[in-house]
Amino acid sequence: MNRNADYWISELNLRAHPEGGYYREIYRSCETVQTRALPKRFGGPRTFSTAIYYLLEGNDHSALHRIRSDEIWHFYAGSPVTIHTIDQSGVYERTLLGNNPENDESLTAVITAGCWYGATLDDPHSYALMGGTVAPGFEFEDFELANRADLMRSFPGHRSVIERLTR
């Protein structure tokens with residue numbers, strides 16, 4: 001069976017994500033970490049962990065954004081993806097996410113809390129189905145889309161990736 005992006009979007013009941021691509025939350029822990037046990041960057045209690053399906057297709061990209069928790073990306077199907085990160089000190093890294101270790105692709109990638117990150121498909125005629133696991137659990141109040149002008153002022157040496165991955 002030829003499974004394409006439309007197949008996965010329909011079968012997994014995915015919807016548009018503010019950063020680009022499509023997603024659906026598939027897990028949210030029923031237990032929480034209380035505010036007093038979390039770093040000050042969190043404004044209230046958080047679930048232990050959350051997980052989503054995430055899909056990129058064609059020329060779409062995951063716009064640069066950051067969250068207050070660590071996130072692990074998991075590769076499931078489709079074309080390899082490049083994850084672009086800029087850490088808090090301005091160091092830029094690229095990580096290949098895919099299922100071919102002979103091409104330096106990894107099945108998982110860890111993004112540290114507070115780093116700016118986004119993703120691009122390596123084949124614009126394809127798609128990539130991935131997953132994301134966040135701990136402590138994701139809340140949209142912990143999500144920040146990058147502002148192009150602000151990021152350019154902070155990291156002028158990364159102009160090309162900032163221009164490509166901001167909306």
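Colleague: Is Asp104 buried or exposed?

Modeller: This is a predicted model, in which local features need pLDDT of at least 70 and side-chain atom pairs count only at pLDDT 80 or more, while totals for chains, interfaces and linings use all residues. Residues are numbered from 1 along each chain as its sequence is written, and side-chain values use heavy atoms, with hydrogens and water left out. Asp104 sits in the loop between strand 9 (92-97) and strand 10, where helices (H or I, at least four residues) and strands (E, at least two) are DSSP runs numbered from the N terminus. Buried means under 20% relative accessible area, exposed over 50% and partly exposed in between, with a 1.4 Å probe and protein chains only, so with a relative accessible area of 64% Asp104 is exposed.

Colleague: What is the phi of Asn13, and where does Asn13 lie?

Modeller: Most residues other than glycine have a negative phi. Asn13, however, has a positive phi, near 55°. At 56% relative accessibility Asn13 counts as exposed, and its place is the loop between helix 1 (5-11) and strand 1.

Colleague: Which residue stands opposite His65 in strand 11?

Modeller: His65 belongs to strand 6 (residues 61-67), and with a relative accessible area of 2% it is buried. Strand 6 and strand 11 run antiparallel and are joined by 3 bridges; two strands pair if DSSP finds at least two bridges between them. The residue of strand 11 that stands opposite His65 is Tyr117.

Colleague: With which side chain does the side chain of His65 make a polar contact?

Modeller: A polar contact is a pair of N or O atoms within 3.5 Å; within protein, one must be able to donate a hydrogen and the other to accept it, and residues adjacent in sequence count only if both atoms are side-chain atoms. Leaving aside residues up to four places away in sequence, His65 touches several residues, including Cys115, Trp116 and Phe143, where contact means heavy atoms within 4.5 Å. The polar contact, at 3.3 Å, is with the side chain of Glu19.

Colleague: How many residues of strand 11 are buried?

Modeller: In a regular strand the side chains alternate between the two faces of the sheet. In strand 11, Trp116, Gly118 and Thr120 point one way and Tyr117, Ala119 and Leu121 the other way, and all are buried. Strand 11 is therefore largely enclosed by the rest of the structure, the count of buried residues being 6 of the 6.

Colleague: Which strands are the edge strands of the open sheet of 6 strands?

Modeller: The open sheet has the order 1-2-5-12-7-10, with antiparallel pairing. Within this sheet, strand 2 and strand 5 pair over 6 bridges, and Arg28 stands opposite Thr50 in strand 5. Each edge strand pairs on one side only, and these are strand 1 (15-16) and strand 10 (108-111).

Colleague: How far apart in space are Ala77 and Leu129, C-alpha to C-alpha?

Modeller: Ala77 lies in strand 7 and counts as buried, at 17% relative accessibility. Ala77 touches Tyr127, Ala128 and Leu129, not counting residues up to four places away in sequence. Although Ala77 and Leu129 are 52 residues apart in sequence, their C-alpha to C-alpha separation is 5.1 Å.

Colleague: Is the peptide bond from Ala135 to Pro136 cis or trans?

Modeller: Most peptide bonds are trans. Pro136 lies in the loop between strand 12 and strand 13 (143-145). The bond from Ala135 to Pro136 has omega near -10°, and it is cis.
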